Amino acid sequence: MADEPLIHARDIAAGKGSASVFEALSFTIAPGSFTALVGPNGAGKTSLFETLLGLVPLHAGTLAVMGDKPRRARRHIAYVPQASRLLHDDALIGREFVSAAYQAHRWGMPLPNRRRQRSRVVDAALETVDASDLARRRLSTLSGGQRQRLLIAQALVNDPHLILLDEPLSQLDPAARDRIVSVADALARRGIAVIFSTHDINPVLQVCDQVLYLAGGRGRAGRVDEIICDSTLSELYGTSMRVISEGGRRFVFEGSQRRLRAVGQ
């Protein structure tokens, strides 16, 4: 990986309106890295994505995205929403859906050579996410996991340096979850930085390079063992937290040893 980070955030605070969703947040994202963005619902994971895209203003701190202001770097970032939140025409087939995003910032009809290039790029994106067999399937016939893979393929057609995956495992069965994690891991290995939002660290525990955990309006970034531990999570939540490791998984509980309540699992 290159020495220069794609993202360098120092003591940032951001949010819509006058209130900040998170404060004093510092982290870096290296090229080709896999970052698990973890936290309970409402902790600010989507707001952080919007901040990185320049859609939500900073209230404090400094944020450089690819050495520039977030809004100027946006063309090199791909944002992938949850498939369940996507509004689209179910009559579209997979290839049409993926192709629609290709150089969407350009105006006018594409020239013949550009159409051929678009076809090659779309084929490559579908192959990357193991969705070539979905190219001629109507969206209305696809499962949530299949639609999520097409969303990732759509994000790849413009050759991003960074991909933001917003709760991509939501409402998916275990097999579909594993497939999405494998796709995201493969993207990072190809040199595309991945920030993978999830409320549960376990599906990405073995593939992430670092964890960025948001809770209680604050956040911490570091290796899994530095973040998913009693002391760090107790600091973030502002109450006693307990992390138990079992069978290669991490389980987070709130409360004392005698009275534990599962959190976000």
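Tutor: First, a term: two strands count as paired if DSSP finds at least two bridges between them. Also keep in mind that this is a predicted model.

Student: OK. How many bridges join S1 to S2, and which way do they run?
Tutor: Five bridges join strand S1, residues 7–14, to S2. The two run antiparallel.

Student: Which residue in S2 is the bridge partner of Ile12?
Tutor: Leu25 is the bridge partner of Ile12.

Student: And the whole sheet, what's the strand order?
Tutor: S2-S1-S4, with antiparallel pairing. It is an open sheet of three strands.

Student: Which strands stand at the edges?
Tutor: Strand S2 (22–29) and strand S4 (58–65). Each has a single partner strand, so one side of each is left without a neighbour in the sheet.

Student: By how many degrees are neighbouring strands turned against each other?
Tutor: By 10 degrees on average, with direction ignored.

Student: Which helix packs on the sheet?
Tutor: Helix H1, residues 45–52. H1 touches S1, S2 and S4. Its direction makes about 65 degrees with that of S2.

Student: Switching to backbone angles. What's the phi of Asp11?
Tutor: Near 50 degrees, a positive value in a residue other than glycine. Asp11 is found in strand S1.

Student: How exposed is Asp11?
Tutor: Asp11 is partly exposed, with a relative accessible area of 43%. Exposed would need over 50%.

Student: What about the phi of Ala24?
Tutor: Ala24 has a positive phi of about 50 degrees, although it is not a glycine. Ala24 is found in strand S2.

Student: Buried or exposed, for Ala24?
Tutor: Exposed, because its relative accessible area is 54% and the cut-off is over 50%.

Student: Which residues are closest to its centre?
Tutor: Leu169, Arg177, Asp200, Asn202 and Pro203. They are among the 18 residues that line the second largest pocket.

Student: Which elements give two or more residues to that lining?
Tutor: Helix H6 (174–189) and strand S7 (193–198). H6 gives the largest share, three residues.

Student: How do the lining residues divide into nonpolar, polar and charged?
Tutor: The lining of the second largest pocket has five nonpolar, eight polar and five charged residues.

Terms used
Residues are numbered from 1 along each chain as its sequence is written. This is a predicted model: local features need pLDDT of at least 70, side-chain atom pairs count only at pLDDT 80 or more; totals for chains, interfaces and linings use all residues. Side-chain values use heavy atoms; hydrogens and water are left out. Helices (H or I, at least four residues) and strands (E, at least two) are DSSP runs, numbered from the N terminus. Axes are lines fitted to C-alpha atoms, for helices over the stretch in contact, and angles run from 0 to 180 degrees between N-to-C directions. Contact means heavy atoms within 4.5 Å. Buried means under 20% relative accessible area, exposed over 50%, partly exposed in between (1.4 Å probe, protein chains only). On a 1 Å grid over the protein atoms alone, a cavity is a set of points where a 1.4 Å probe fits but cannot get out, and a pocket is an open set with protein on both sides within 12 Å along at least five of seven lines; lining residues have an atom within 4 Å of a point. Ala, Val, Leu, Ile, Met, Phe, Trp, Tyr, Cys and Pro count as nonpolar, Asp, Glu, Lys and Arg as charged, and the others, Gly among them, as polar.
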